[in-house]
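I opened the model today to look up a few points. My entries follow in the order in which I made them.

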Protein chains: 2
Amino acid sequence: MKSEHILKELRDRNPRGIARAISLVEDNDPLADEILASLDDGLVEQATVLGITGPPGAGKSTLTDRIISKYRSQGKRVGVIAVDPSSPLSGGAILGDRIRMMGHALDQDVVVRSMATRGRLGGLCAAAGAAVRILAGSGCTVIIIETVGVGQSEMDIIRLADITALVLAPGLGDDIQAMKAGLLEVADLMIVNKADCEGAETLAMDLESIAREGGKEKERAKICMTVASEGKGIDDLLAAIDAFDASHRESGERRARRERAYDLEVLDWAIEMIKPSIIERIKKGRPDRKGDPRLQAAKLLEGNER
Amino acid sequence: MKSEHILKELRDRNPRGIARAISLVEDNDPLADEILASLDDGLVEQATVLGITGPPGAGKSTLTDRIISKYRSQGKRVGVIAVDPSSPLSGGAILGDRIRMMGHALDQDVVVRSMATRGRLGGLCAAAGAAVRILAGSGCTVIIIETVGVGQSEMDIIRLADITALVLAPGLGDDIQAMKAGLLEVADLMIVNKADCEGAETLAMDLESIAREGGKEKERAKICMTVASEGKGIDDLLAAIDAFDASHRESGERRARRERAYDLEVLDWAIEMIKPSIIERIKKGRPDRKGDPRLQAAKLLEGNER
């Protein structure tokens with residue numbers, strides 16, 4: 001049984017086995033079903049999923065690196081899912097990540113997996129969700145999802161996280177006030193990185209006032225100041241993350257988020273499963289491509305329960 | 001018949017009618033079917049769809065503004081679909097666009113529609129495709145799709161364009177070499193905007209060498225230098241766009257792209273149509289949320305032809 005072999009590798013925390021399991025999911029291999037079904041739900045349930053997002057240049061990777069080190073010093077095993085926007089225009093994030101993560105390259109208890117978004121027609125949430133499970137199943141108690149906070153699919157996957165930290169930095173030229181609604185929606189914690197640079201105080205004050213407005217529907221997002229390149233502020237940040245996690249476990253909000261994420265994953269998988277047959281029908285269905293695509297789609301689905 | 005009324009408004013080029021038609025599509029209103037089915041296919045077929053993409057800060061909006069002016073001076077009616085990434089982190093693009101387009105605000109023959117990506121669970125391609133049709137049906141002979149070139153969904157919609165121009169600028173700190181593959185894939189034309197700034201020549205040379213590598217599968221992307229803020233290089237750019245369009249109409253490549261875009265739209269609509277029933281089934285299907293989401297999805301679809 002090949003899947004049993006891979007499951008044993010997962011239990012043994014063998015990095016190659018973990019990589020193989022995630023690849024099987026990404027490739028839609030039938031073996032993936034057996035592996036995913038056999039993972040220890042308790043481990044998945046217990047692991048903390050931390051989302052780290054922010055615009056390019058905010059210092060996400062350096063910060064992630066520091067957070068990993070801190071968790072490692074607490075003896076925790078850490079999984080990282082780095083979502084590569086891999087769009088032609090997203091910049092050097094990909095190379096940057098690799099280089100910065102090198103500090104943990106020899107540490108068997110830091111498992112880094114990058115997932116590309118390009119070339120995918122959806123399914124990123126589904127694949128990332130499965131990767132979270134696999135990492136948790138291999139004993140990671142903290143799983144970090146790092147993603148550039150731009151783009152629809154990239155933002156969607158943040159919904160898989162129990163806690164989302166938004167990293168900003170002064171001087172990125174973003175009009176923070178204009179992004180108010182979005183910030184409130186996404187961030188449980190706001191991090192002002194490069195806090196030793198000019199403009200950091202102003203940025204923090206802007207965020208402070210934005211956080212205040214969120215007041216009613218949501219608990220107020222805490223603001224942490226860090227200088228990731230020098231390791232400053234990381235202890236306070238971790239304390240804030242832990243406190244947030246503890247309060248959400250206590251209040252049931254964590255469970256509610258997990259349930260929403262679960263439904264999102266099911267939906268994403270269902271769409272992935274249906275898609276090939278639709279593509280097949282498009283291919284053989286019509287010799288011409290006349291008329292409105294919406295009507296064509298409706299015709300294509302006719303006779304099938306929608 | 002309300003749809004007949006809206007169709008008349010479209011023929012009359014009434015901006016409010018156009019806006020209403022696009023909103024009906026976005027709201028998935030049944031009236032949208034009648035409208036989309038009644039559009040003049042010949043107009044849709046003839047209109048040129050120009051995609052303009054690039055990272056924040058490259059000067060896309062200013063450039064788009066100049067391109068609009070030029071087409072207007074040729075007497076062409078222009079539609080613009082501005083895809084708002086509207087993610088919390090995408091920066092001030094939204095406000096910026098509005099302000100810069102103001103120059104055309106009183107011109108009845110420039111129709112600007114912005115489409116948000118946030119809050120949408122897919123369907124952006126479908127909606128944007130329908131908007132292209134509606135704009136063409138209201139007499140726009142050039143339709144510009146402007147989108148930030150970051151993020152999966154945002155890139156997907158560029159596939160609706162007959163010609164894609166990629167706007168870059170020196171000093172954005174992007175590692176162009178690292179993005180090679182993506183650039184080749186996406187760009188029919190590469191624009192070095194802010195060509196009067198330091199680093200423009202180097203950027204152009206980098207792009208030149210990247211374009212050369214694309215050689216075989218694709219015709220070599222032309223590189224245009226512009227200073228959009230001063231209107232420099234716009235004539236040459238328009239000439240390059242026109243030449244590209246003419247050669248693709250001639251070679252049949254334009255038709256091939258339209259067919260691919262059509263299939264993509266049908267797929268996107270079909271998924272949109274199927275989605276509500278899946279969500280419904282998720283909602284009532286399971287009291288617990290145990291086990292692997294992938295298996296849950298498979299169970300959910302059981303008994304239905306996939």
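How many residues of domain 1 of chain A are in contact with residues of domain 2 of chain A? I found that 12 residues of domain 1 of chain A touch 12 residues of domain 2 of chain A. Contact here means that two C-beta atoms, placed from the backbone, lie within 7 Å.

**Ground rules.** I am working with a predicted model, in which local features need pLDDT of at least 70 and side-chain atom pairs count only at pLDDT 80 or more, while totals for chains, interfaces and linings use all residues. Residues are numbered from 1 along each chain as its sequence is written, and chains are lettered from A and ligands numbered from 1 in the order in which they are written.

**Domains.** I noted that chain A is divided into domain 1 (40–253) and domain 2 (254–306). These bounds come from an automatic or database domain assignment. On the side of domain 1 of chain A that touches domain 2 of chain A, the elements giving two or more residues are H7 and helix H11 (234–251) of chain A. H7(A) supplies the largest share of that side, 3 residues. I sorted the residues of that side of domain 1 of chain A into 3 nonpolar, 5 polar and 4 charged. For this sorting, Ala, Val, Leu, Ile, Met, Phe, Trp, Tyr, Cys and Pro count as nonpolar, Asp, Glu, Lys and Arg as charged, and the others, Gly among them, as polar.

**Chain A overall.** I listed 13 helices and 7 strands in chain A. Helices (H or I, at least four residues) and strands (E, at least two) are DSSP runs, numbered from the N terminus. Of the 306 residues of chain A, 48% count as buried. A residue is buried if 20 or more other C-beta atoms lie within 10 Å of its own, exposed if 12 or fewer, and partly exposed in between, with C-beta atoms placed from the backbone. I also looked at contacts in chain A between residues at least 6 apart in sequence, and 75% of them join residues at least 24 apart.

**Helix H7(A).** I checked the length of helix H7 (residues 124–137) of chain A: at 1.5 Å a residue its 14 residues should span 20 Å, and the end C-alpha atoms are 20 Å apart, which agrees. The expected span is 1.5 Å times one less than the number of residues. H7(A) is mostly covered, with 14 of its 14 residues buried. Just after H7(A), I found A:Gly139 with a positive phi of about 95 degrees.

**A:Leu43.** I placed A:Leu43 in helix H4 (residues 41–46) of chain A. Why is A:Leu43 partly exposed rather than buried or exposed? A:Leu43 is partly exposed because it has 16 other C-beta atoms within 10 Å. Leaving aside neighbours within four places in sequence, A:Leu43 is in contact with A:Ala136 and A:Gly137.

**Strand E6(A).** I looked at which way the side chains go in strand E6 (residues 189–192) of chain A: A:Leu189 and A:Ile191 point one way, A:Met190 and A:Val192 the other way, and all are buried. Strand E5 (residues 163–168) of chain A pairs with E6(A) in the parallel sense over 4 bridges. Pairing requires that DSSP finds at least two bridges between two strands. A:Ile191 of E6(A) is the bridge partner of A:Val167. E6(A) also pairs with strand E7 (residues 222–225) of chain A, in the parallel sense over 4 bridges. In E7(A), A:Met225 is the bridge partner of A:Val192.

**Lys194 in two chains.** A:Lys194 lies in the loop between E6 and helix H10 (200–214) of chain A. I noted its positive phi of about 55 degrees, although A:Lys194 is not a glycine. A:Lys194 counts as buried because it has 25 C-beta neighbours inside 10 Å. Phi of B:Lys194 is positive and near 55 degrees, and B:Lys194 counts as buried with 25 C-beta neighbours inside 10 Å.

**A:Val142.** My last entry is A:Val142, in strand E4 (residues 142–148) of chain A. A:Val142 counts as buried, with 23 C-beta neighbours inside 10 Å. Beyond four places in sequence, its contacts include A:Ala47, A:Tyr71 and A:Val78.
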